[in-house]
Amino acid sequence: MFGLPLETSLVVFGFPAAWIIYTAVFLYRSRDWVKDSSEDEGS
Amino acid sequence: MSGTVIFFLVLYYVIVLGIGYWAMRRGAGDDLEGYLLGGRDVGPMTTALTLQSTSMSGYMFLGAGGLGFAQGYWAMWFAVGDIGGGVLNLSIIGRRMRKLSQMMGALTSIEYLEKRYPSAAVRLFAGVLTVFLLGFYVLAQFIAGGKGMALVTGIPYPAALAIAVGIILIYTFMGGYLAVAYTDFFQSIVMLVGVMWIVIAALSELGGLTAANNAISNVDPTLLSMWGRDLGFQGQWGVVAGALLIFSVGYMGWPHVVTRHMAMQRPATARRAGLWATLWNLFFVPAPYLVGILAILILPGLDDPEMAIFRVAEKLLPAAVTGLVMAAIMAAIMSTADSLLLQTGSIASRDLYERFIQPNASERQMVLVSRGLVLAIAIIGYLVALVEPPSVFSIVIFATSVLGSAFLPAYVCAVWWKKANTPGALTSMVTGAAVAFAWEYTGYVESTQIAPMLAGVISSTTTMVVVSLLTQKIAPVPADILEIMDEAAAIGPIPKRLLATSDPTLAAEAAAVQAAIDSGAR
Amino acid sequence: MSEREHVIIARTSFSATDALCFAASLTGDIEAKVESDIIYPYYCFDATCSVPTMVGRKKVSLLCLVDAINGLGATADNFELKSEAVDTKSLLRGDMGDTDAREIAHRTVTHHLGRKLRTITTFDVSLQARGLVHKRFWIVQTSEARVMVDSTTGGFHPLKLRAA
């Protein structure tokens with residue numbers, strides 16, 4: 001990919017892809033964290 | 001550097017000061033108090049941009065670029081770890097630390113360690129180690145600022161360095177108003193555009209990424225491998241692991257990063273910050289390394305690899321844009337240095353001076369101690385940066401390795417492991433720091449092919465576990481802390497959704513109310 | 001006949017009914033009920049400070065509350081206070097003295113300003129004690145959990161279920 005050896009492509013694209021997945025999982029598992037704006041009057 | 005560049009550089013600072021002034025005037029006092037009360041979010045995107053732009057510093061522009069130029073795609077090991085550092089930190093430590101620190105009444109991340117692992121030794125060691133290592137990180141910013149200033153203005157390095165250090169000191173001693181959220185936002189936008197411009201300009205100069213990689217392959221095909229120039233790091237998995245860990249988990253040892261968790265206003269902010277962190281990092285983390293790699297072709301005769309990014313900008317960008325971008329970069333570097341010096345000053349005055357030397361210290365005395373230390377760091381830093389400046393890369397990797405090794409288990413176990421006790425924490429901090437330090441300065445990296453970061457983290461984690469378990473009977477975690485940890489983890493038959501949307505700032509009151517109800521007081 | 005005591009208390013913006021509706025909607029429990037209220041004590045201080053700005057030093061006032069039970073300090077928005085007679089059974093008392101509270105308030109304000117303004121300088125904080133003030137929390141019992149609702153902000157926090 002982009003003229004890079006296979007090994008390099010795997011690392012350079014593989015890890016970021018893994019982080020995207022991790023972030024998506026985090027967002028999914030914390031989906032309840034989103035508050036209604038109505039009671040969101042913080043101190 | 002041409003007059004146009006300098007003109008636009010100055011123009012940038014005029015604009016920043018102007019925005020700061022406008023923001024002050026517009027509020028006419030009310031806004032200042034509102035701003036100080038601190039409960040107000042300035043909006044998720046501004047928050048996110050501010051969070052991320054504070055991670056841009058001398059390392060990004062000098063260290064990363066330099067490594068890319070010197071070792072090719074090997075540098076990407078550091079990048080791919082770094083991309084996830086933000087979300088990893090937030091998801092592992094984030095909310096729980098917020099609650100725990102709130103309930104224990106800790107104001108600083110060092111105080112937090114003492115409260116969780118009660119012992120003066122914890123505070124002393126953590127405080128001294130952090131001050132020492134933050135000093136190194138500041139040194140890195142000085143070097144970056146000095147070299148950048150010298151390049152842009154044409155002033156010789158010693159004078160440029162003095163100017164950079166001087167501006168940083170002014171920022172730190174007086175500059176509160178320059179740190180208004182609005183100016184951070186403007187700065188982030190300029191840097192965003194600037195970095196993108198540099199990357200796009202570099203790629204189009206070389207005819208695209210594929211063409212560039214092919215050209216690099218003609219220069220030296222090993223630069224395209226993941227093992228560095230001449231395959232120098234081939235098979236060294238211990239070093240690779242270190243590279244991956246350093247900016248993914250190494251950040252958890254940085255007080256100014258960890259402190260952000262303590263200040264988090266509401267869980268939703270953390271969630272959004274996690275998303276923005278990853279999105280931002282996907283582009284901005286690899287970008288400087290990539291520009292460094294492309295500089296192999298654009299600036300083949302480059303003598304100082306760490307100047308790769310600045311020189312690419314100078315060569316490819318129109319003078320005006322170079323001026324603005326350089327100004328934004330310098331501002332980012334100085335802002336990072338300012339944050340670090342503030343941390344250092346605060347730890348010195350509150351965690352060391354007030355805690356151990358003068359418990360009844362007045363405000364004036366604390367300020368004197370803070371400023372005194374900052375000045376000392378500035379002078380020592382200036383001299384080192386002048387006489388024998390190490391590479392920004394080596395300084396930051398060293399400091400992060402030691403801090404990360406020392407504090408990672410302490411901060412993670414503080415919220416996750418109820419058996420993590422004081423002896424465990426203290427010995428793990430000392431071991432982690434000592435091992436990482438020793439690994440760096442002896443020949444162990446070469447002989448074992450294990451990076452200091454990896455060796456350090458393994459030793460500190462092992463020590464934490466082993467010592468905590470061995471000393472459970474003689475030094476158990478105090479009951480009130482266990483209770484607070486339960487509260488922070490919210491153990492009990494309470495629905496997750498309820499917990500997740502609750503107001504973390506009420507945690508302490510809730511505990512007191514609970515206690516009152518339980519004791520039948522009402 | 002329950003005993004009553006006069007205390008200074010923050011104006012209740014969220015009534016018992018508001019708290020009930022809110023908790024009920026949160027848990028989907030239409031059988032939710034307001035069990036009681038808790039009157040929580042804080043030491044209140046008016047802090048006057050001098051902060052650096054582009055046009056010299058500016059005087060600002062902040063309110064600082066120190067939790068009289070936990071000793072935790074926090075800066076706060078201004079709120080309306082009034083004297084009210086409350087049931088002593090609902091009233092919580094802290095054992096913190098006001099000297100300690102003053103120290104905590106001073107530390108809280110100084111730390112807060114330093115962090116917000118990102119500068120190392122003196123703020124000449126002077127504190128005017130307003131004494132003890134109180135905040136009412138509604139305790140709402142639902143089938144899933146017991147929550148306390150802050151009557152001034154509407155923020156809530158769960159409490160453990162009553163042991164059977």
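Which residue stands opposite Arg146(C) in β7(C)? The legends below take up this point and others.

The model is predicted: local features need pLDDT of at least 70, side-chain atom pairs count only at pLDDT 80 or more, and totals for chains, interfaces and linings use all residues. Residues are numbered from 1 along each chain as its sequence is written, while chains are lettered from A and ligands numbered from 1 in the order in which they are written.

**View 1. Strand β7(C) and its pairing with β6(C).** Helices (H or I, at least four residues) and strands (E, at least two) are DSSP runs, numbered from the N terminus. Two strands pair if DSSP finds at least two bridges between them. Strand β6 (residues 126-141) of chain C runs antiparallel to β7(C), and 5 bridges join the two. Gln141(C) is the residue opposite Arg146(C) in β7(C). The two strands are linked by a hairpin of 4 residues.

View 2. A residue is buried if 20 or more other C-beta atoms lie within 10 Å of its own, exposed if 12 or fewer, and partly exposed in between, with C-beta atoms placed from the backbone. Strand β8 (residues 156-159) of chain C pairs with β7(C) in the antiparallel sense over 4 bridges, and Met148(C) stands opposite His157(C).

**View 3. Asp124(C), in the loop between α2 (98-117) and β6 of chain C.** Phi of this residue is near 45 degrees, a positive value in a residue other than glycine. Asp124(C) counts as partly exposed because it has 14 C-beta neighbours inside 10 Å.

**View 4. Packing of helices α9(B) and α19(B).** Helix α9 (residues 120-153) and helix α19 (residues 363-387) of chain B pack at an angle of about 55 degrees, with axes 9 Å apart; axes are lines fitted to C-alpha atoms over the stretch in contact, and angles run from 0 to 180 degrees between N-to-C directions. The angle makes α9(B) oblique to α19(B), a class left once angles under 35 degrees count as roughly parallel, over 145 as roughly antiparallel and 65 to 115 as roughly perpendicular.
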